[in-house]
2 protein chains.
Amino acid sequence: MTQRLEQQFAFLNEADRLKHVMRATTLVDGSRPENSAEHSWHLALYALVLADQAGPGVSVDRVIRMLLIHDLVEIDVGDVPIHAQNGQAHASPQTQAAEAKAAERIFGLLPDDLATALRSLWEEFEAAETPDARFAKSLDRVQPVMANLMSGGGTWATYNVTYDQLETRVGSKIAKGAPGLWEWVKAKARPWFT
Amino acid sequence: MTQRLEQQFAFLNEADRLKHVMRATTLVDGSRPENSAEHSWHLALYALVLADQAGPGVSVDRVIRMLLIHDLVEIDVGDVPIHAQNGQAHASPQTQAAEAKAAERIFGLLPDDLATALRSLWEEFEAAETPDARFAKSLDRVQPVMANLMSGGGTWATYNVTYDQLETRVGSKIAKGAPGLWEWVKAKARPWFT
């Protein structure tokens, strides 16, 4: 038991470093960039509050667990803003390899059963194929849209994003896991680009 | 539906302000104070990883939901450090009244069904009487202990805390919801005070 707790806390103390990883997106009031730990909290709260936007077969509690751990690999790799990488659906092979290595190291701090369970949950999120992962990905895409809207442009201004790019890079992803949400957000976002 | 989403996002955008509420506790590396949003994320991760420390009848998914919302009232009231208030089990009547008013305002931004559900979950946490709430409270008490240990003293040094005070103010609360966890953490903390 003692050895198990040592491993659990080695992981929890390492996870603390996610509070240092800065994102391109700012807080809603535009005052400073958001870090990936508080972003993960906000997303889990999104899942809790927007549960009625999830499609059939989605377990909101599983989505919340997924969102709590989805960015931990950034402790080693950092955040790669979607618009900075020209909106590619997936990170470059180099980034993907680095993230896999980070997952190995970070989840590997845990006792074997937990390491396997959380790594598998993270891989499911990355693959974005199950209903839970698609809904989680939709929330991960919609939260920065709201921050940009609230703060007067945000990363859209930083990266000179057009409305068509927003639709392709972000909207299509949100629509996959939460179509009703994208319809509503689109109507809010559209005027900013005209 | 549109009106419902307006309310859901009014709440989610307001919740963003928790990222500005600073706690007395620092990050594990001591580099800066922790904010209450990233603290809430870290605690939810604690619940996920330390689930095997929960007593019988605890729903870890409910505990995670509770921890995600447990500090939202601090948007209006701020954080009251346990050692600063001489370790009183409950906040002063004034603070309690202010927190109830904050809960009314903040959860009141949501559609009625969600407002009722989340407010009730917060009240359950505050009352600390159910197995879920007790486990959630134990985690909320143990996380700053780890931060203090990792950063070389933290709020124990700031507030000249003695080991007996730690035992009374913090240890007894951790032991209520996660006795095995307190036994283990106590052995780590004790040497710091000698």
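A salt bridge here is a side-chain nitrogen of Lys or Arg within 4 Å of a carboxyl oxygen of Asp or Glu. Before you click: this is a predicted model, where local features need pLDDT of at least 70, side-chain atom pairs count only at pLDDT 80 or more, and totals for chains, interfaces and linings use all residues. Residues are numbered from 1 along each chain as its sequence is written, chains are lettered from A and ligands numbered from 1 in the order in which they are written, and side-chain values use heavy atoms, with hydrogens and water left out.

**Stop 1: a charged pair.** Select Lys188(B) and Glu6(A): their side chains meet in a salt bridge, 2.7 Å from N to O. The rule finds 8 salt bridges across the interface of chain B and chain A.

**Stop 2: the whole interface.** Now colour by chain. With contact meaning heavy atoms within 4.5 Å, 51 residues of chain B touch 51 residues of chain A. Together the two chains bury about 4700 Å², and 65% of that is on carbon and sulfur atoms; buried area is the accessible area (1.4 Å probe) lost by two parts on being put together, summed over both. Pick out Lys19(B), Trp41(B) and Trp184(B): they supply 16% of the area chain B buries against chain A, more than any other three residues.

**Stop 3: rings.** Two Phe, Tyr or Trp rings pair if their centres lie within 6.5 Å (six-membered ring for Trp); planes under 30 degrees apart count as stacked, over 60 as edge-to-face and the rest as tilted. Over all chains, a search of the whole structure finds 14 aromatic pairs. Zoom in on Tyr46(A) and Phe9(B): the ring centres are 5.7 Å apart and the planes are at 75°, so this pair is edge-to-face. Tyr46(A) sits in helix H2 (residues 36-49) of chain A and Phe9(B) in helix H1 of chain B, so the pair joins two chains; helices are DSSP runs (H or I, at least four residues), numbered from the N terminus.

Are these two buried or exposed? Tyr46(A) is buried at 1% relative accessible area, and Phe9(B) is buried at 2%. The cut-offs are under 20% for buried, over 50% for exposed and partly exposed in between (1.4 Å probe, protein chains only).

**Stop 4: another ring pair.** Jump to Trp192(B) and Phe193(B), an edge-to-face pair with 4.9 Å centre to centre and 80° between the planes. Trp192(B) is partly exposed at 31%, whereas Phe193(B) is buried at 19%.

**Last stop.** In chain A, select Trp156(A), Tyr163(A), Trp192(A) and Phe193(A), which ring pairs link into a cluster.
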